[in-house]
Structures are given as C-alpha cells and as structure tokens.
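Subject: Handover of a structure, with notes

Dear colleague,

Please find the structure below, followed by my notes on what was found in it.

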Amino acid sequence: MRRLLQGDSLSQADYVEIAKQLASGSELAKAPLRLEEVPGGQGGGGQVSLKSLEVSSSVNALVPGQRLLFPSDGLVVVYGDNGSGKSGFARLLKDVARSRHREDVLSDIFSEDEGADQRAEVGIAIGGVEQPPYSWPGEASSELRQIGYFDAACGDAYLAADSDVTFRSAGVFLLDGLIRACDGVRAELDRLIQENARRAEVLPEVSQGGAASMFLGQLSADTTTTALDAACEVPADASEQLEQLQGEESRLRTSDPDLERKRLLALADHYERIGKHFSNMRSQLSPTVIRKASTTRAEATALRSAATIASGASFEAEPVPGVGSETWRVLWEAARTFAETEAHPGQPFPADADTCVLCHQTLDDEARTRFGRFEAAVRDETERRAAEAERESVRENDSLRKIAISPAPVLVSLEQIADQDPETVEVWRGRLEDFDRVVASVDDLSTCLSAAEAAQKGDEVAVAMASAEALRNRASAVDSSQYAAQLLEVSAKRVEIGDQILMARARRTLESEVGRLSERRLLDAAKKTTDTGVITRKATDLARSHVTTLVRDRFTEESDKLRLERVTLEDTGGQKGRLQHRPAFVGAIQQPAMAKVLSEGEQTALGLAGFFTEASLDDTKSAIVLDDPVSSLDHIRRERVASRLAELAQDRQVIVFTHDLAFVVDLARAAREAEVPMVERSVERRGDGRPGVCQKSHPWKTRDVNARLGTLEAGLAQIRREMTGWQQKKLEQEVADWAGKLSETWERLLSIEVVGRVVDRTTLEVRPRMLKILAHLTPEDNKEFQESYARVSRWARRHDKSPEFNYVAPEIDEMEEELTLVRAWFERIKQYAKD
C-alpha cells in the first residue's frame, strides 16, 4: 500500500516474489502505514496517445507496409470510401484498445495462404514520451487499454450491458491498486497451483475396497514415512504367487462345477484323440511297413529287369530299337485301349485289320506277324509278374503318401491342450513333424526307413492316454461347495498380492505425491490471503457514496447534448470495487430493453452518450478512437457529435474513422469553431483494387470550402513558382485543373454553406431559422457569383469549347483576384448565418 500511495506499481516480479514467500509459509515483513503517508490526490496513469499504426502482413486484405501516422493531440479525421480498407485499420485499434465489444481481425479471406502470420505494429506515446511499438497480435498492455474505442457494436453494448465506472477518487484508487495487487499475487499463486497440479503423480490402480485403496484415498500431506513403508510391504515371491493365482482364478471364473466337469472331460477327449492318433501313426508308418514297401519295390524292379532282358532278346532283329522297353509298353497299351474301345470294339487286339491303329498305314503280312510277336511278348509270364509287382509297389507308396499326419481334429485338440500344457504340445508337434518326414521321403525308402525308426522314439501315446485318464478322474471328483469357496479364496488372495506388488513399485511415486500435497496445502492457504472480498465491498461503498452522483450527472449532461430525454444511468451493483451502470428510462413503469423503445438514431446517440461519459471521466485524458460514429443520426445530432468531439480534442487526441463526406465537413467546421487543429488522413484502394493505401490528406471531394480555398491558395503559389519552366501545354493544363477546382469550390459553397444550411440534403429536413441566409443575399452577391462562376468555368476544361473560342490561360493575377473574390463571398455567407 505504501508503494501504491507513492505512485509506484507492483510488477510481475513483485507478484512472483510475494507469492513465493506466501507459498513457503514464511511471514511477510510488515511495517505500519501512517495516516500522514496517505496523499489526497487522485491516482491514474499518464496520457496515452497513438503515434502510428502499421500493417505488416495478412490483416484483412490491406496492402502490407502501409502506415497511418497520428499527431499527439487534436482531431484526426481518417476518411475512406466503402471498401477502401479504412475499417481494417479501425478493427486493429479496436482489438488493442478499451472496447465494449470484441471481434476477430480476419486475415485476407481471398488469399490462398490461409496460414499466413498476421502482423502489425502500434506506436504510442505515454505522457508525450514515445514508447517502443507494440507488436500485434499479442496481449495488449494496460496502457493501450487506456485508449477508448467506439463503433456501432460498442454502442449496442452500452445499451444492453453493464458498464464500469472509470472515474476513481483518491481513496478508491488506492483500494483499486490493492485489489490489483491481490489479483496479481493470486494469479501467480493460481499458476503455481496449476503447475503443482500438473506434477500430480499417477497413483497405482489398485482394486477398490481393499487396504491399498483405503490407504491411497487417505493419502495427504500428513502421511508419514512409517505409514508408507507399511503400505508398500510385499512378500519376496509375490510375482510367482500372483501368476499362479491369476491362472487359477481365471480357470475358476470361467466355469461352474458342471461346466468344470464338462471342461475336464472335453480336455480328456482331446488327450485321448492325440494318443490314438499317435498310436495310428506308429502303426501305419512303422519300420515294418516301410520295409515291406521296400521289399515290394525291390521285387518289382527285379522282375522288370528280367522282363526287359527277355523282351530285348526277342526283338533284337526289329528295325526300330527299344521294343519291349518301359516306354514302348506304355505305347502298346495305349494302342490296345484305343483299338478295343474306339477302332475295333469287341475284337481282340491286335485285330485282323488292314490298317495300323497308330499310324493308319496299310498292314502287310510281315507287319501283322510282327504285331502277333509283340502281343505274345507282352502276355509272357515274366512280363505279367513284373507289371503286377510294379502295381503293388505303386499302391503301397500311394497308401503311405495319403496318410494324414496333422488332420484338423488333431490340430484343434493340440490347441486346446496347449492352454494347459504348452511344453508337452511342443514335443508332440515335433513328433508330428517326424512323421511328416517319413511320408515326404517315400520315394527314397532307405531315407524313409531311417525317418520311420526315428519317429518311433518317445512315449507320447502313453503320456496322452494317462493324461486323459487323470482328467476323467478329476472330473468325477468335482464338488460344487468346495469349488465356490476355492474361487473366493483365490480371488481375495490374488487381489491382495497384486495390490501389494503395485504399491511396492510405486513407493517413490507415493513419497513424491505426499511432498506435492504438502506444497499444495501451503499454496491453498496462501491463496486465501489474497481474497479481495472485504476490499471490494469497501471500495464499492466508497464509489457508490462519492462517484455515482458524479457519473450520473455527467451522463445526463452528455445525453442532453445529444437531445436524449428521460434517460439516466441505473446502479446495477459492483465487482472488485467497480460500480456497474446501465441506461434506464426515468419514471418508466415498465423497463423493456432500450432497443425496443428507442429509434435506431436514438440508440446510436445513447451509445455515444455512454462513451462520452466514460471519456470525460478518464483523468488520464488518453486518446479516443471512433469508427463511423454517426450512422442513423439526424443532422442536428451529427453536428452536436462533431462539436463534442472537437471539445474533447481540446485536451486529448481524438481519432475519427468515417466514410461520410457530410460528417467530415461537420467535423472541420466544429474544429474551426473550437479552435482545435484538424489533421487529415485517408485510406484508399490501390490501382489494382486492393484496399489499405494510406495518404496524409483527404481527397478533394471531402474538403469543405475553407479547406478547398486553402488548397487552391497553395496550388496558385506553386503555379507562380514553377510556371517559368513549363511549356504552354503544361501551363494550360495546370491552370485548367486549378480553375476546375475553384469552380467545384463555388458549387460546394452553394450546396453546403447556403442551400445546405436551409435544407439538409441527407434527410430533406428544412431549417427555417437558416432561411435568413437567403434573405441576406443581395443582387450584388448574385451578380458576383454568376460572373465569377462563368469566368472560372471558361478557364476549366470540364466542357468542350467552341471551335471559335481560342482558349488562353488566364494570368496569375486574374486567378488570384478570382480566388480572393470567392473567399470574400464565403466570409459574407458565414456572417449572414450568424446575424
């Protein structure tokens, strides 16, 4: 409080240090505050004014690199047509200033680069001292928030929402500072609390209702090391116990006594199937069977050799070698089949045909004799025995190949047994692979015999059948009551051991969590000391006693200036020492929403009254910014708004963005009457149509008569200085342009200063009292206007000249005389309006 009274402000580093001391549980140093240390002045920051606003990239569709410059005081009028980009600059200021309404500042919606960074810079001065520019976007400083902003949406907010009282007396300001200090320390403590919460340990997920669960539920800053040691104690063989208990519990839970009995019997059937299958394999693929197949193949080979020798001796004289060979016999049997089934069905082979069934050539006697010898040889006893032996060998080999080593039922049984006895099943699968090798080597009976002998090793048949018998015995012994008791016992023990293991593993985690909870208790206790309730109530009481009347009176004054009747501010409560107000009707029995009663223009005026009240009570006299503030207002209220803005500009910076030409004229007139400097700025489109190009002056069309006359005087002086270096064509062009502007000035003078004062062109409202201007006009006034306007029109190039008219630029003195005449005529009109 002493620092606040001395005009100091607590920094974030102060908040951090105070929060750190509070969180440590140590006592803060205190020094009594004496009454004489309390000053009587009002607190507040320095005056904040805008210096510049520069767009860097991706702000609406504004041209990058454009910069608006602002003088530190007076009235700044930024003119821009619709779509010129004026509102884009205004939205930027709205985002950083104090505004009753917020809206996003969009990037260029027509740009393909959706992720482009938005960047801008806002230059400000505090107490006349220029500050480092603020980089947007980012959190605006409290100094930037001293700048007030108003637009139509803010006006709506003044009507519909509660508003803070910004004026603070000295005592209330001190309490405001204390509230901010408490808020700052509490924010830092909240950050520390959040950081503490993020460090919360993940506690072991123990079962609910057990001893471990109860311990974790009561874990706190008071938990001792002894209690942690007891809760985390675990048997040495806990992991082995848990694995056994989990398996047993899983088995018991998936079955009831009847199902358990059926499960055991089904498992016994699987073992029995495996035993029988291995028994069959041992029998079907025994060494004896393989030796017999080997003997049969040897006999067939021997007989075939004898038959080949016999046939070879019989057909040595044949013209084609190979008769009697294995290949030849296949050919002969094919010919036999064709003859008996197709060529000569029902006749013995070879038949007494005239043609060969193979080559279809005519058979002579020698060929028929040869066919007889061939058939006799084939039907020889030696040949018959060889063929029969070969067929038997093929049959035995095919029988061996067709043996199913791993049929589907056997594989299913192995899978079921594997859940109970994976090691035995692995051995049995290896034995099946042995039998697979026996079948795979049938073509090499020597290798096949060795494989068969190897496959006979082992006792899988006995093991499988013994297991089946044991399982059937167990099934017969299953008892329901013992089964249920066993399940409960196993489950309880499994939970206990599992929780003990989890707790032991989490011993260091639990110790860390106890430390974190101890820190959190200190933080929570510290946060309670930052409660602002008592300070808020005292500040609110003081504000209500000393400020409410002032604010209400100021609002009434602003409302009267804007021709609003029977409207006042209603006290709606307070928060953190700041009173809340909302406009209300005086004496109304009903209190509907203001927007349902007031016209659109009255709503705008009421919003402005609230904004002007707030601005007038800002003891820092910081800048205010308004964007198109007079939409829907009639000419009287527009003029009054212009006058009020000019008044405010006498001791602060006032920036107005507008597209309204008539309002620019009103502002210029008000600034002259209030003797306030008015600075022109404008925003326009670039040649390619892109908005946001900044200019240091208004376009010609916005300027009032006085400003135009000043521009014409400057232009005439420039022509006088530079004309000696111009060609005739250049001189005529410059003079014609100057004359055209003088002609337009005559027109603006008549439309605004004469006719416009009598009839408002925007509303067609007639102002009878200004008819006096017309009454003051003399024939001489009319004669001067007509003659001057005619001369100036001949000088200008706004119309095609007659071929007979030889255009010659007027002399500089003539132009100066004409300009002097227009200014004098203008001064007389202003005097007529005052008389």
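Two strands are taken to pair if DSSP finds at least two bridges between them, and the elements themselves are DSSP runs numbered from the N terminus, helices being H or I with at least four residues and strands E with at least two. By that rule, β4 and strand β6 (residues 134-136) are paired in the antiparallel sense over three bridges, and Val122 has Tyr134 as its bridge partner in β6.

Before going further, please note that this is a predicted model, in which local features need pLDDT of at least 70 and side-chain atom pairs count only at pLDDT 80 or more, while totals for chains, interfaces and linings use all residues. Residues are numbered from 1 along each chain as its sequence is written, and side-chain values use heavy atoms, with hydrogens and water left out.

The protein holds 30 helices and 14 strands. Of its 835 residues, 42% are buried, where buried means under 20% relative accessible area, exposed over 50% and partly exposed in between, with a 1.4 Å probe and protein chains only. Among contacts (heavy atoms within 4.5 Å) with a separation of 6 or more, 75% are between residues 24 or more positions apart.

To return to β4 (residues 119-126), this strand also runs antiparallel to strand β1 (residues 48-57), to which eight bridges join it, and Leu53 stands opposite Val122 there. A further antiparallel pairing, over two bridges, links β4 to strand β5 (residues 129-130), with Ala125 opposite Glu130. The hairpin of β4 and β5 has two residues between the strands, and in it Gly127 takes a positive phi near 60°.

A separate open sheet has six strands in the order β7-β11-β12-β3-β13-β14, with mixed pairing. Because β7 (148-150) and β14 (693-695) stand at the edges with a single partner strand each, one side of each is left without a neighbour in the sheet. On average, neighbouring strands of this sheet are turned by 15° against each other, direction ignored. Helix α3 (residues 86-96) lies across β3, β7, β11, β12, β13 and β14, and runs at about 140° to β12; here axes are lines fitted to C-alpha atoms, for helices over the stretch in contact, and angles run from 0 to 180 degrees between N-to-C directions.

At one end of that order, β13 (residues 678-684) and β14 run antiparallel and are joined by three bridges, with Ser682 partnered by Gln695. The loop between β13 and β14 contains Arg690, which is partly exposed, with a relative accessible area of 29%. Its side chain reaches the backbone oxygen of Ala61 at 2.9 Å, and Arg690 is also in contact with residues including Leu62, Val63, Pro64 and Asp108.

Definitions and conventions: A polar contact is a pair of N or O atoms within 3.5 Å; within protein, one must be able to donate a hydrogen and the other to accept it, and residues adjacent in sequence count only if both atoms are side-chain atoms. Lists of a residue's contacts leave out its neighbours within four places in sequence.
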